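Please keep the sequence and the coordinates at hand while reading.

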Amino acid sequence: MPATESLTQRQFDRIATIAKHRWGLALTPQKRQLVTSRLLSFMRGAPFEDVDAYLAHLEAGKDERALLSFFDTLSTNVTSFFRDRAHFDYLERELFTGLARGTLSLPGRRLRMWSAGCSTGCEPYTMAMVAYDRLESAGGWDVQILATDLSNYAVEEASAGAYEWDSVKDLPRETLRRHFEERDGRWRVRPHLRQMVKVGQLNLMEDWPMRGPFDVIFCRNVMIYFDGPTRERLVRRFLGLLRPGGVFAVGSAETLAGMDLDVRSVMPSLYVK
Ligand SMILES: C[S@@+](CC[C@H](N)C(=O)[O-])C[C@H]1O[C@@H](n2cnc3c(N)ncnc32)[C@H](O)[C@@H]1O
């Protein structure tokens with residue numbers, strides 16, 4: 001396709017409408033440069049005559065694969081193990097330790113966590129490492145972590161659970177040894193972690209198949225791309241699936257301030273229902 005060097009305002013508005021309605025993403029005018037470069041580089045390999053033909057194809061809404069590829073070009077998958085470590089320290093201190101010692105209990109010794117917008121899996125596998133290290137020796141705990149994302153790339157990577165050295169190099173050596181094994185130059189989460197994490201593809205803007213209740217829900221650094229009303233609607237849906245006393249975390253640059261919710265803030269960006 002002949003790559004034009006820029007998008008017209010009308011084309012950008014059409015993209016913004018698709019992104020908002022399908023995925024909740026609010027593409028502000030400041031994003032125009034980024035969207036333009038990602039779209040044009042994506043279009044170089046795509047079988048469309050021009051940007052308008054491509055946008056018309058997406059707007060028709062029939063080609064889920066094309067829509068998901070487009071989402072992948074727009075979304076940001078930045079993540080890391082133990083990102084915003086204080087959240088994991090809180091879980092370890094206030095939840096897992098109590099469960100291991102028996103000062104806290106959960107029905108059926110079942111612990112259910114959800115990493116919503118999990119990207120390539122660092123967040124759910126961090127949850128798994130911390131839970132495993134605290135609860136394994138306590139025995140008899142059924143821990144499951146649901147890890148969902150809409151991005152094809154993210155879901156594939158999280159499912160593989162295999163990482164470049166760069167992603168794991170800052171982990172303490174003992175943590176690395178216990179939870180990862182090196183194969184073919186990649187660091188793979190060991191089966192005990194992989195088994196705890198169930199990876200699925202889910203658009204947070206659509207219906208959710210799961211019923212909950214969850215004990216912990218993390219939706220961190222996902223809603224920053226959504227507008228206020230979309231964010232609040234989503235937070236209410238998350239809280240509807242969280243058990244009373246359950247933990248809800250957002251990204252460190254995010255807050256639930258201004259939403260009238262049945263939660264208390266226990267530390268920055270972390271709440272208890
Ligand atoms: C910056 S990453 C955050 C990863 C991880 N939660 C963390 O904090 O490190 C944001 C993720 O949200 C996902 N995302 C954005 N909009 C989404 C939607 N509507 N449904 C599901 N996932 C979405 C993106 O694909 C991306 O992987």
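How do the residues of the shell around the ligand divide into nonpolar, polar and charged?

## The shell around the ligand

In this predicted model, the residues of the shell fall into eight nonpolar, nine polar and four charged. The ligand is surrounded by 21 residues, and the closest of these are Thr-79, Arg-83, Gly-117, Asp-149 and Asn-221.

## Polar contacts and cover

Asn-221, one of the closest residues, places a polar side-chain atom 2.7 Å from an oxygen atom of the ligand. Backbone atoms also take part: a polar backbone atom of Arg-220 is 2.9 Å from a nitrogen atom of the ligand, and a backbone N or O atom of Leu-150 lies 3.4 Å from a nitrogen atom of the ligand. On its own the ligand has 610 Å² of accessible area, of which the protein covers 99%.

## The largest pocket

Where does the ligand sit? The ligand is placed in the largest pocket, for which the computed volume is about 540 Å³. This pocket is lined by 33 residues, and those closest to its centre are Ser-75, Thr-76, Asn-221, Val-222 and Tyr-225.

By residue class, the lining of the largest pocket consists of 18 nonpolar, nine polar and six charged residues.

Most residues other than glycine have a negative phi, and most peptide bonds are trans. Against that background, two places in the chain deserve a careful look when the backbone is inspected.

The peptide bond that joins Gly-212 and Pro-213 is cis, with omega at about 0°, and Pro-213 belongs to the loop that runs between strand 6 (197–201) and strand 7 (214–218). Arg-109, a residue other than glycine, has a positive phi near 50°; Arg-109 is located in the loop between helix 5 (85–101) and strand 1 (110–116).

Key: Residues are numbered from 1 along each chain as its sequence is written. This is a predicted model: local features need pLDDT of at least 70, side-chain atom pairs count only at pLDDT 80 or more; totals for chains, interfaces and linings use all residues. Side-chain values use heavy atoms; hydrogens and water are left out. A residue is near a molecule or strand if one of its heavy atoms lies within 4 Å of it. A polar contact is a pair of N or O atoms within 3.5 Å; within protein, one must be able to donate a hydrogen and the other to accept it, and residues adjacent in sequence count only if both atoms are side-chain atoms. Accessible areas come from the Shrake-Rupley method with a 1.4 Å probe; for residues, only the protein chains shown count as cover. On a 1 Å grid over the protein atoms alone, a cavity is a set of points where a 1.4 Å probe fits but cannot get out, and a pocket is an open set with protein on both sides within 12 Å along at least five of seven lines; lining residues have an atom within 4 Å of a point. A molecule sits in a cavity or pocket if more than half of its atoms lie within 2 Å of its grid points. Ala, Val, Leu, Ile, Met, Phe, Trp, Tyr, Cys and Pro count as nonpolar, Asp, Glu, Lys and Arg as charged, and the others, Gly among them, as polar. Grid points are joined across faces, edges and corners, and a volume is the space filled by probe spheres set on the points. Helices (H or I, at least four residues) and strands (E, at least two) are DSSP runs, numbered from the N terminus.
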